[in-house]
Amino acid sequence: MSRLEDTTAVVTGGGSGIGAASARRLAAEGAAVAIVDLHSAAAQETAADIRRAGGYALAFEVDVRDQAGLDQVAADAVESLGGIDIVSANAGVCGCRPTVELSDTEWQDMLDINLTGVWRTVKAAVPHMISAGSGGSVVLTSSVVTFVGAANVAHYNASKSGVAGLMKTLSAELGKHRIRVNAVHPGNVATDMLFSDSTLRVFCPDLEDPTPEDLRERARAGDVLGQGWVEAVDISNAVLYLASDEARFVTGVSLPVDCGRRIG
Ligand code: NAD
(Lines give C-alpha, C1' and ligand atoms only; values in the text may rest on other atoms or scores of the structure.)
Protein backbone atom coordinates (compact mmCIF):
# COMPACT_ATOMS: atom_id res chain seq x y z
CA MET A 1 0.00 0.00 0.00
CA SER A 2 1.23 3.49 -0.85
CA ARG A 3 2.15 5.73 2.02
CA LEU A 4 -0.37 8.46 1.14
CA GLU A 5 -3.17 6.46 -0.44
CA ASP A 6 -6.54 8.27 -0.48
CA THR A 7 -5.06 11.57 0.62
CA THR A 8 -4.94 15.02 -0.96
CA ALA A 9 -2.24 17.65 -0.71
CA VAL A 10 -1.79 21.34 -1.45
CA VAL A 11 1.79 22.33 -2.32
CA THR A 12 2.76 25.98 -2.81
CA GLY A 13 5.77 26.87 -4.91
CA GLY A 14 5.12 23.56 -6.66
CA GLY A 15 6.31 24.80 -10.04
CA SER A 16 10.00 24.48 -9.30
CA GLY A 17 12.72 23.07 -7.07
CA ILE A 18 11.71 21.67 -3.70
CA GLY A 19 7.98 22.26 -4.23
CA ALA A 20 7.97 20.44 -7.57
CA ALA A 21 9.95 17.55 -6.07
CA SER A 22 7.56 17.39 -3.11
CA ALA A 23 4.47 17.45 -5.32
CA ARG A 24 5.91 14.57 -7.39
CA ARG A 25 6.99 12.64 -4.30
CA LEU A 26 3.62 12.99 -2.54
CA ALA A 27 1.79 12.07 -5.76
CA ALA A 28 4.00 9.02 -6.29
CA GLU A 29 2.86 7.80 -2.86
CA GLY A 30 -0.79 8.19 -3.79
CA ALA A 31 -1.77 11.76 -2.87
CA ALA A 32 -3.87 13.83 -5.28
CA VAL A 33 -2.03 17.14 -5.41
CA ALA A 34 -3.09 20.76 -5.92
CA ILE A 35 -0.02 22.63 -7.14
CA VAL A 36 0.10 26.36 -6.50
CA ASP A 37 2.65 28.67 -8.09
CA LEU A 38 3.07 32.24 -9.20
CA HIS A 39 3.97 30.89 -12.63
CA SER A 40 1.20 29.05 -14.39
CA ALA A 41 3.41 27.24 -16.92
CA ALA A 42 5.67 25.89 -14.16
CA ALA A 43 2.73 24.63 -12.10
CA GLN A 44 1.21 23.05 -15.21
CA GLU A 45 4.50 21.33 -16.00
CA THR A 46 4.71 19.71 -12.55
CA ALA A 47 1.07 18.62 -12.84
CA ALA A 48 1.75 17.16 -16.30
CA ASP A 49 4.77 15.22 -14.93
CA ILE A 50 2.58 13.77 -12.20
CA ARG A 51 -0.15 12.77 -14.65
CA ARG A 52 2.38 11.16 -16.99
CA ALA A 53 3.57 9.08 -14.04
CA GLY A 54 -0.01 7.96 -13.40
CA GLY A 55 -0.85 10.35 -10.56
CA TYR A 56 -3.51 13.01 -10.11
CA ALA A 57 -2.72 16.73 -10.00
CA LEU A 58 -4.31 20.12 -10.56
CA ALA A 59 -2.35 23.32 -11.22
CA PHE A 60 -3.25 26.79 -9.93
CA GLU A 61 -1.64 30.10 -10.81
CA VAL A 62 -1.87 31.98 -7.52
CA ASP A 63 0.40 34.38 -5.66
CA VAL A 64 0.69 33.36 -1.99
CA ARG A 65 0.17 37.05 -1.14
CA ASP A 66 -3.37 36.74 -2.51
CA GLN A 67 -5.69 35.45 0.23
CA ALA A 68 -8.75 35.27 -2.04
CA GLY A 69 -6.75 33.23 -4.58
CA LEU A 70 -5.58 30.79 -1.90
CA ASP A 71 -9.10 30.52 -0.46
CA GLN A 72 -10.30 29.58 -3.94
CA VAL A 73 -7.57 26.92 -4.29
CA ALA A 74 -8.62 25.40 -0.96
CA ALA A 75 -12.30 25.42 -1.96
CA ASP A 76 -11.45 23.87 -5.35
CA ALA A 77 -9.26 21.22 -3.69
CA VAL A 78 -12.12 20.26 -1.40
CA GLU A 79 -14.59 20.24 -4.30
CA SER A 80 -12.43 18.44 -6.88
CA LEU A 81 -10.10 16.30 -4.77
CA GLY A 82 -12.48 15.59 -1.90
CA GLY A 83 -10.67 17.42 0.91
CA ILE A 84 -7.26 18.52 2.15
CA ASP A 85 -5.10 16.19 4.26
CA ILE A 86 -1.63 17.63 3.65
CA VAL A 87 -0.35 21.16 3.20
CA SER A 88 3.20 21.93 2.10
CA ALA A 89 3.57 25.71 2.48
CA ASN A 90 6.80 26.05 0.60
CA ALA A 91 6.71 29.00 -1.83
CA GLY A 92 9.51 31.42 -1.15
CA VAL A 93 12.07 33.83 -2.51
CA CYS A 94 15.57 34.80 -1.44
CA GLY A 95 17.66 37.96 -1.64
CA CYS A 96 21.00 39.32 -0.60
CA ARG A 97 21.95 42.73 0.77
CA PRO A 98 23.55 44.05 3.97
CA THR A 99 20.87 44.59 6.59
CA VAL A 100 21.13 48.36 6.82
CA GLU A 101 21.06 48.74 3.03
CA LEU A 102 17.80 46.85 2.52
CA SER A 103 15.04 48.99 1.08
CA ASP A 104 11.58 49.03 2.66
CA THR A 105 10.28 47.20 -0.40
CA GLU A 106 12.90 44.44 -0.25
CA TRP A 107 12.20 43.87 3.45
CA GLN A 108 8.42 43.95 3.05
CA ASP A 109 8.27 41.75 -0.09
CA MET A 110 10.36 39.08 1.63
CA LEU A 111 8.11 39.06 4.69
CA ASP A 112 4.95 39.17 2.57
CA ILE A 113 5.91 36.12 0.49
CA ASN A 114 7.96 33.94 2.82
CA LEU A 115 6.14 34.49 6.12
CA THR A 116 2.73 36.05 5.51
CA GLY A 117 2.31 33.81 2.44
CA VAL A 118 2.75 30.75 4.66
CA TRP A 119 0.22 32.11 7.16
CA ARG A 120 -2.23 32.84 4.32
CA THR A 121 -1.81 29.31 2.94
CA VAL A 122 -2.54 27.84 6.36
CA LYS A 123 -5.46 30.25 6.83
CA ALA A 124 -7.00 29.07 3.56
CA ALA A 125 -6.52 25.33 4.02
CA VAL A 126 -6.70 24.53 7.73
CA PRO A 127 -10.36 25.46 8.37
CA HIS A 128 -11.33 22.80 5.79
CA MET A 129 -9.10 20.27 7.55
CA ILE A 130 -10.65 21.12 10.92
CA SER A 131 -14.20 20.85 9.65
CA ALA A 132 -13.47 17.53 7.91
CA GLY A 133 -12.40 16.20 11.32
CA SER A 134 -9.93 13.67 9.94
CA GLY A 135 -6.70 15.29 11.08
CA GLY A 136 -3.81 15.92 8.71
CA SER A 137 -0.29 17.24 8.35
CA VAL A 138 1.03 20.72 7.65
CA VAL A 139 4.67 21.05 6.63
CA LEU A 140 6.20 24.52 6.45
CA THR A 141 9.43 25.20 4.59
CA SER A 142 11.84 27.19 6.74
CA SER A 143 15.65 27.17 6.32
CA VAL A 144 18.82 26.11 8.10
CA VAL A 145 19.70 29.80 8.17
CA THR A 146 17.46 30.09 11.26
CA PHE A 147 20.01 28.01 13.18
CA VAL A 148 23.26 29.36 11.83
CA GLY A 149 22.68 32.94 10.76
CA ALA A 150 24.39 34.26 7.63
CA ALA A 151 25.47 37.72 6.56
CA ASN A 152 23.37 39.75 4.12
CA VAL A 153 20.12 37.79 4.41
CA ALA A 154 18.46 39.49 7.40
CA HIS A 155 15.08 39.76 5.68
CA TYR A 156 15.25 36.11 4.58
CA ASN A 157 16.35 34.90 8.01
CA ALA A 158 13.67 36.98 9.73
CA SER A 159 11.00 35.49 7.44
CA LYS A 160 12.21 31.89 7.91
CA SER A 161 12.61 32.31 11.69
CA GLY A 162 9.05 33.64 11.67
CA VAL A 163 7.95 30.48 9.85
CA ALA A 164 9.57 28.33 12.57
CA GLY A 165 7.72 30.31 15.25
CA LEU A 166 4.46 30.07 13.35
CA MET A 167 4.95 26.30 13.13
CA LYS A 168 5.30 25.95 16.90
CA THR A 169 2.19 27.98 17.70
CA LEU A 170 0.16 26.20 15.03
CA SER A 171 1.22 22.81 16.35
CA ALA A 172 0.01 23.86 19.82
CA GLU A 173 -3.33 25.05 18.44
CA LEU A 174 -4.08 22.24 16.01
CA GLY A 175 -3.06 19.16 17.99
CA LYS A 176 -6.58 18.80 19.36
CA HIS A 177 -7.79 18.44 15.77
CA ARG A 178 -5.13 15.75 15.10
CA ILE A 179 -3.46 18.12 12.67
CA ARG A 180 0.31 17.92 13.01
CA VAL A 181 2.46 20.89 12.09
CA ASN A 182 6.19 20.67 11.44
CA ALA A 183 8.89 22.52 9.55
CA VAL A 184 11.66 21.35 7.25
CA HIS A 185 14.83 23.44 7.36
CA PRO A 186 16.78 22.80 4.15
CA GLY A 187 20.45 23.57 3.94
CA ASN A 188 21.74 24.23 0.43
CA VAL A 189 19.56 22.64 -2.21
CA ALA A 190 20.40 22.48 -5.93
CA THR A 191 17.51 24.61 -7.25
CA ASP A 192 17.11 27.84 -9.22
CA MET A 193 17.14 29.71 -5.90
CA LEU A 194 20.56 28.40 -4.86
CA PHE A 195 22.09 29.17 -8.26
CA SER A 196 20.57 32.65 -8.54
CA ASP A 197 23.02 35.49 -8.77
CA SER A 198 22.05 36.85 -5.36
CA THR A 199 22.56 33.52 -3.54
CA LEU A 200 25.89 32.92 -5.26
CA ARG A 201 26.93 36.30 -3.89
CA VAL A 202 25.89 35.37 -0.33
CA PHE A 203 28.48 32.59 -0.46
CA CYS A 204 31.11 34.37 -2.52
CA PRO A 205 30.88 38.09 -1.69
CA ASP A 206 34.52 38.57 -2.69
CA LEU A 207 34.14 37.17 -6.24
CA GLU A 208 33.03 39.36 -9.12
CA ASP A 209 31.26 36.63 -11.06
CA PRO A 210 30.72 33.59 -8.79
CA THR A 211 29.69 30.25 -10.29
CA PRO A 212 27.87 27.26 -8.76
CA GLU A 213 31.21 25.46 -8.47
CA ASP A 214 32.65 28.38 -6.45
CA LEU A 215 29.64 28.12 -4.17
CA ARG A 216 30.01 24.35 -3.86
CA GLU A 217 33.64 24.58 -2.86
CA ARG A 218 32.86 26.98 -0.03
CA ALA A 219 29.65 25.27 1.00
CA ARG A 220 31.44 21.90 1.27
CA ALA A 221 33.65 23.32 3.98
CA GLY A 222 30.54 24.33 5.92
CA ASP A 223 28.84 20.96 6.36
CA VAL A 224 29.99 17.86 8.20
CA LEU A 225 29.21 15.53 5.27
CA GLY A 226 31.28 17.62 2.85
CA GLN A 227 28.47 17.73 0.27
CA GLY A 228 27.97 21.43 -0.37
CA TRP A 229 24.38 20.92 -1.46
CA VAL A 230 21.67 18.29 -1.66
CA GLU A 231 19.03 17.65 -4.32
CA ALA A 232 15.42 18.81 -4.06
CA VAL A 233 14.30 15.20 -3.69
CA ASP A 234 16.25 14.98 -0.42
CA ILE A 235 14.01 17.68 1.05
CA SER A 236 10.89 16.15 -0.43
CA ASN A 237 11.76 12.86 1.30
CA ALA A 238 11.57 14.74 4.62
CA VAL A 239 8.30 16.39 3.57
CA LEU A 240 6.91 12.96 2.68
CA TYR A 241 7.94 11.52 6.04
CA LEU A 242 6.31 14.39 7.95
CA ALA A 243 3.19 14.14 5.79
CA SER A 244 2.83 10.39 6.25
CA ASP A 245 1.53 8.29 9.13
CA GLU A 246 5.10 7.24 9.84
CA ALA A 247 5.30 10.62 11.61
CA ARG A 248 1.88 10.27 13.25
CA PHE A 249 3.19 11.35 16.66
CA VAL A 250 5.61 13.98 15.36
CA THR A 251 4.45 17.57 15.70
CA GLY A 252 6.07 20.89 16.57
CA VAL A 253 9.39 19.75 15.11
CA SER A 254 12.01 21.69 13.15
CA LEU A 255 13.72 19.11 10.93
CA PRO A 256 16.98 20.25 9.35
CA VAL A 257 18.09 18.52 6.13
CA ASP A 258 21.43 20.27 5.91
CA CYS A 259 24.28 17.73 5.92
CA GLY A 260 24.97 18.87 9.48
CA ARG A 261 25.73 22.44 8.42
CA ARG A 262 24.33 23.87 11.65
CA ILE A 263 26.88 21.91 13.70
CA GLY A 264 29.79 21.89 11.23
P1 NAD B 1 12.77 27.77 -6.44
O2 NAD B 1 13.02 29.18 -6.81
O3 NAD B 1 13.25 26.67 -7.31
O4 NAD B 1 11.21 27.53 -6.21
C5 NAD B 1 10.38 28.47 -5.55
C6 NAD B 1 9.02 28.41 -6.18
O7 NAD B 1 8.16 29.31 -5.47
C8 NAD B 1 9.04 28.88 -7.65
O9 NAD B 1 8.32 27.97 -8.46
C10 NAD B 1 8.36 30.24 -7.60
O11 NAD B 1 7.65 30.57 -8.79
C12 NAD B 1 7.42 30.06 -6.41
N13 NAD B 1 7.04 31.35 -5.84
C14 NAD B 1 7.85 32.40 -5.54
N15 NAD B 1 7.12 33.42 -5.08
C16 NAD B 1 5.83 33.01 -5.09
C17 NAD B 1 4.62 33.64 -4.75
N18 NAD B 1 4.58 34.90 -4.31
N19 NAD B 1 3.47 32.93 -4.87
C20 NAD B 1 3.49 31.66 -5.33
N21 NAD B 1 4.61 31.03 -5.69
C22 NAD B 1 5.77 31.69 -5.57
O23 NAD B 1 13.38 27.63 -4.98
P24 NAD B 1 13.46 26.39 -3.97
O25 NAD B 1 14.87 26.25 -3.60
O26 NAD B 1 12.71 25.21 -4.46
O27 NAD B 1 12.70 27.03 -2.73
C28 NAD B 1 11.57 26.43 -2.11
C29 NAD B 1 11.55 26.83 -0.65
O30 NAD B 1 12.70 26.28 0.00
C31 NAD B 1 11.61 28.33 -0.41
O32 NAD B 1 10.72 28.68 0.64
C33 NAD B 1 13.04 28.55 0.00
O34 NAD B 1 13.19 29.70 0.79
C35 NAD B 1 13.32 27.28 0.77
N36 NAD B 1 14.76 26.98 0.89
C37 NAD B 1 15.54 26.76 -0.21
C38 NAD B 1 16.89 26.50 -0.04
C39 NAD B 1 17.82 26.25 -1.20
O40 NAD B 1 19.04 26.16 -0.99
N41 NAD B 1 17.34 26.12 -2.42
C42 NAD B 1 17.44 26.45 1.26
C43 NAD B 1 16.61 26.68 2.36
C44 NAD B 1 15.26 26.93 2.16
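Tutor: Let's settle one term before we start: a helix here is a DSSP run of H or I that is at least four residues long, and helices are numbered from the N terminus. Please also keep in mind that this is a predicted model.

Now to the ligand. It is surrounded by 29 residues, and Ser16, Asp37, Tyr156, Lys160 and Thr191 are the closest of them. Sorted by class, this shell holds twelve nonpolar, 13 polar and four charged residues. For Ser16, a polar side-chain atom lies 2.6 Å from a ligand oxygen. For Asp37, an N or O atom of the side chain is likewise 2.6 Å from an oxygen atom of the ligand. Gly187 takes part through its backbone, with an N or O atom 3.4 Å from a ligand oxygen. On its own the ligand has 830 Å² of accessible area, and the protein covers 93% of that. The space that the ligand takes is the largest pocket. Two elements give two or more residues each to the shell, namely helix 1 (17-28) and helix 6 (154-174).

From here we can follow Lys160, one of the closest residues to the ligand. The backbone oxygen of Lys160 is reached by the side chain of Ser142 at 2.9 Å. Ser142 itself belongs to the loop that runs between strand 5 (136-141) and helix 5 (145-148). Is Ser142 buried or exposed? Its relative accessible area is 2%, so Ser142 is buried, as the cut-off for buried is under 20%.

Asp192 sits between strand 6 (179-186) and helix 7 (197-203). Asp192 counts as exposed because its relative accessibility is 61%, and exposed means over 50%. Its C-alpha atom is 27 Å from that of Gly30, a residue 162 positions away along the chain.

Asn237 is part of helix 9 (residues 232-243). With a relative accessible area of 32%, Asn237 is partly exposed, since that class covers values between the 20% and 50% cut-offs. The side chain of Asn237 makes a polar contact of 2.6 Å with the side chain of Arg25.

Note on methods. Residues numbered from 1 in each chain as written. Predicted model: local features only at pLDDT ≥ 70, side-chain atom pairs only at ≥ 80, totals over all residues. Heavy atoms only, no water. Near = heavy atom within 4 Å. Polar contact = N/O pair within 3.5 Å; in protein donor to acceptor, adjacent residues only side chain to side chain. Areas by Shrake-Rupley, 256 points an atom, 1.4 Å probe, with all protein chains shown as cover. 1 Å grid on protein atoms, 1.4 Å probe; cavity = no way out; pocket = protein on both sides within 12 Å on 5 of 7 lines; lining within 4 Å. Sits in = over half its atoms within 2 Å of the grid points. Nonpolar A, V, L, I, M, F, W, Y, C, P; charged D, E, K, R; others polar. Buried < 20%, exposed > 50% of the residue type's maximum accessible area, 1.4 Å probe, protein only.
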